[in-house]
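Welcome, and please open your viewer.

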Amino acid sequence: MHELSFHETTFEKCLKCNACTVNCPISNVSFDFGGPKHLGPELKRMMDHQEVIDDARIELCTLCGTCDASCPENVHVSTLTSYAKAIHAEENGTKFRDLILSNAELVGKLASTFAPITNMTMKVKPVRKAMQKVLGIHADRQFPTYEFSNFKRRYNKKHATTEKKVAYFTGCYATYNAPDVADSFIKVMEYNGIDVAIPEQKCCGVPMFANGQMKQGLKNAQFNTNSLLEYTRQGYDIVMTCTSCTSAFKKEYASYLKTEEAEELAQHIYDADEYLRILHEEGVLNTNFATINAKVGYYAPCHMKGQGIGNPAMDILELIPGFEIQDMAASCCGQCGTFGFKEEKYPYSLELGKGLATVVEELDADYTVTECGMCKNQLDQLTNKQVKHPMQILKTAYEKVPVTS
Amino acid sequence: MYDVIVVGQGLTGLLSAIVARKQNKKVALVAKGTGKMLQSTGLMDLVPGSNKDFSQWMELYGLSNREKITVKDAINEFKRLTEKIGYEYVGDVDKLANVVTSSGHLKSTALYPKTITPIPEKGRIVIVGFNEIVDFQPEFLKGNLQKERPNLQIKTMSVSLGKDSQRTLTQLDAARVLDEKDNREQILRQIKEKMKTEFTDGVDLFIFPAALGVQQWEKVHSQFCSELKAMVTEAPGLPPNATAIRLHERLRKEAIKLGVRFYTDTEVNGFSKKGTINEITIKMNNRNAKLESQHLLICTGGILGGGLEQTAKGLKETTLQLSVNKEGAYVDLPDHVYPVGASLGTNVIHYGITGGIYSVVSSYLTNLQIERSDMRGLQRA
């Protein structure tokens with residue numbers, strides 16, 4: 001029996017209604033992908049208690065999770081497709097490139113150590129051409145920059161001393177690429193009188209799941225679960241600024257690990273804006289914001305939409321006086337984490353990004369707001385608007401308040 | 001705290017959310033899946049599967065003559081909305097149109113998108129299928145249509161989309177192919193080529209699957225009409241039909257742009273009253289959360305939408321866990337809770353299929369009810 005045979009019964013409720021395929025961003029731009037219905041519940045039905053089937057088309061699934069949110073029967077489609085990915089990787093081997101991409105944390109550590117050189121090198125055309133040839137990373141794909149002064153070097157508090165305590169799962173992106181987002185988050189919490197601790201953590205595992213590295217991903221999930229439970233059991237809330245990390249802890253850990261610990265931990269996971277919204281509902285949010293006169297477009301990442309939390313970023317940002325924010329109602333950006341870097345996936349990525357680029361241009365706002373670093377990467381490449389994280393805006397709104405003595 | 005919470009994102013749910021948001025209310029929409037609209041034809045029928053006219057419809061749904069003007073307002077409001085979102089509906093509830101489905105049967109419908117043309121009594125018709133779309137068989141359609149309209153001269157043809165896939169292609173897939181200009185031209189060339197030899201005496205109407213573009217439907221439709229020198233219609237059939245998807249995608253985007261907060265992939269699993277306030281518990285990925293609202297709209301679509309379940313003990317209401325009668329209507333409805341559309345349990349047809357017009361009208365009427373209730377609240381204050 002195959003090692004990756006797994007227990008998942010929600011597919012039995014699948015009526016083949018097509019809601020997942022109709023809404024699947026990839027299915028809508030390409031016939032090369034079999035679609036979530038076919039490679040999820042139908043494939044599982046065929047394989048259950050029988051031979052394992054490896055379908056190479058599963059490589060085109062980005063694990064955006066839109067299928068899960070579309071399904072009227074609550075079938076965990078993306079759990080099925082992520083295992084189909086794992087099966088494909090196991091049967092077919094994993095490209096060296098995919099191993100590297102899936103290990104965002106290691107890349108981050110190395111790249112940030114040599115940050116100025118990395119950033120410069122990644123902009124040199126011959127180097128990028130060589131990368132496409134040797135590694136299969138598309139030469140035209142822009143990379144996020146890395147910071148030498150990564151967040152780990154900037155802040156490493158292990159315990160919080162205030163009454164409300166937050167443990168911050170920083171994630172690879174805010175640690176190595178955008179420490180300013182992490183700094184901003186700490187500041188925003190400070191303005192609310194909340195101390196932030198940084199627990200021991202490894203990459204959330206999302207890039208691993210997306211590249212079929214299920215075993216490594218589950219190892220990370222287990223490590224993080226153990227590490228963070230130590231905090232939640234002492235009354236900490238776990239807060240994250242990356243919506244993909246948040247989604248992994250809330251949804252994937254529980255459905256992949258299938259342990260009570262993962263379920264217990266999931267109860268305490270909050271997206272940063274969601275957390276601030278709760279503070280606001282409890283009447284304890286510091287709403288002393290300075291006026292920011294700006295008209296901005298909001299781009300909702302797929303992994304935010306899948307959490308079922310409404311639109312907390314807009315709920316909070318709308319509290320800033322003068323701040324006009326409009327949801328652009330755009331579909332998937334097409335970067336999809338590691339997907340958009342790959343040579344052979346790059347054309348799909350650009351095709352997906354077209355819709356997003358059009359709405360950004362049509363709205364013609366001052367800048368774009370999104371929580372996701374990878375969506376930002378695509379926005380940076382396809383639009384000429386600056387992209388900010390909600391925490392960066394909130395920090396500015398707090399800082400600009402004139403000090404009265 | 002929201003002014004209005006809508007449960008469900010089918011036609012009724014999306015319309016209710018949009019109407020409420022336009023009244024400047026703070027609106028949340030809670031939904032488990034995409035709504036049953038994706039399975040529909042996108043046609044707005046009065047009484048699906050029958051030829052009942054407007055006055056019979058009013059009677060069937062228990063609407064009094066007094067309400068006629070309001071009903072007409074609701075329909076005009078819907079037409080204005082569809083025009084605004086770039087997918088205009090035409091037609092008249094007083095004069096039903098006979099449109100063809102992909103099985104070749106005619107059905108009466110009240111409102112339909114501009115890609116649809118009613119079927120005439122006589123004339124020359126060509127039914128065009130796509131080789132790759134197995135859900136639409138021109139010969140099958142012809143056989144049935146000929147029985148209903150013996151005076152039509154009907155011919156069929158099949159052309160290729162020029163795309164292949166290992167997955168079964170649907171009408172929606174074909175529609176996305178037609179969004180691209182080059183593909184349209186390639187397909188039109190094939191049709192014209194066949195016309196040269198087989199259909200030399202001209203054609204009045206071309207019938208296609210419900211696949212004439214998604215984003216670019218207007219371009220597709222007008223290009224086909226002008227190049228084929230005839231009227232063009234879509235014949236909706238097995239889902240997903242582009243006729244329904246266009247409306248669904250646009251209504252959803254409109255609601256999001258207006259600022260409706262979507263709590264997708266959630267389920268209502270608790271309900272209580274705190275004074276006049278409705279408090280629902282929703283199950284998110286990881287935990288339960290509470291949402292409060294002044295008004296709670298149940299747009300869960302009856303049996304078909306999953307709002308009702310048929311059990312051995314009778315009908316079970318799945319959203320608020322309240323008791324319903326044999327028809328699925330709430331027995332003891334709490335204040336400020338409003339079932340809309342099929343959730344009202346009027347059950348005039350079967351399984352909560354109410355027809356698009358009822359969804360349109362019911363969403364509108366519910367909003368008026370809310371407005372009146374708010375006015376009363378203000379007067380008291």
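**Before you start.** This is a predicted model, in which local features need pLDDT of at least 70, side-chain atom pairs count only at pLDDT 80 or more, and totals for chains, interfaces and linings use all residues. Residues are numbered from 1 along each chain as its sequence is written, while chains are lettered from A and ligands numbered from 1 in the order in which they are written.

**Stop 1: chain A.** Select chain A and colour it by secondary structure: there are 22 helices and eight strands. Helices (H or I, at least four residues) and strands (E, at least two) are DSSP runs, numbered from the N terminus. Along its principal axes, the C-alpha trace spans about 75 × 50 × 40 Å.

**Stop 2: chain B and its domains.** Now select chain B, which is divided into domain 1 (2–90 + 246–380) and domain 2 (117–235). These bounds come from an automatic or database domain assignment. The centres of the two domains, taken over C-alpha atoms, are 35 Å apart.

**Stop 3: H1 and H8 of chain B.** Select residues 11–22 (helix H1) and 242–258 (helix H8) of chain B; their axes come within 10 Å and cross at roughly 30°. Axes are lines fitted to C-alpha atoms, for helices over the stretch in contact, and angles run from 0 to 180 degrees between N-to-C directions. H1(B) and H8(B) are therefore roughly parallel to each other (the term covers angles under 35 degrees). Show side chains for the contact: Leu14(B), Ala17(B), Ile18(B), Arg21(B) and Lys22(B) come from H1(B), and Leu251(B), Arg252(B), Glu254(B), Ala255(B) and Leu258(B) from H8(B). Residues are in contact if their C-beta atoms, placed from the backbone, lie within 7 Å.

**Stop 4: H1 and H10 of chain B.** Which residues of H1(B) meet H10(B)? They are Leu11(B), Thr12(B), Leu15(B), Ser16(B), Val19(B) and Ala20(B). On the H10(B) side, look for residues including Gly356(B), Val360(B) and Tyr364(B).

Note on methods:
Angles under 35 degrees count as roughly parallel, over 145 as roughly antiparallel, 65 to 115 as roughly perpendicular and the rest as oblique. Two residues are in contact if their C-beta atoms, placed from the backbone, lie within 7 Å.
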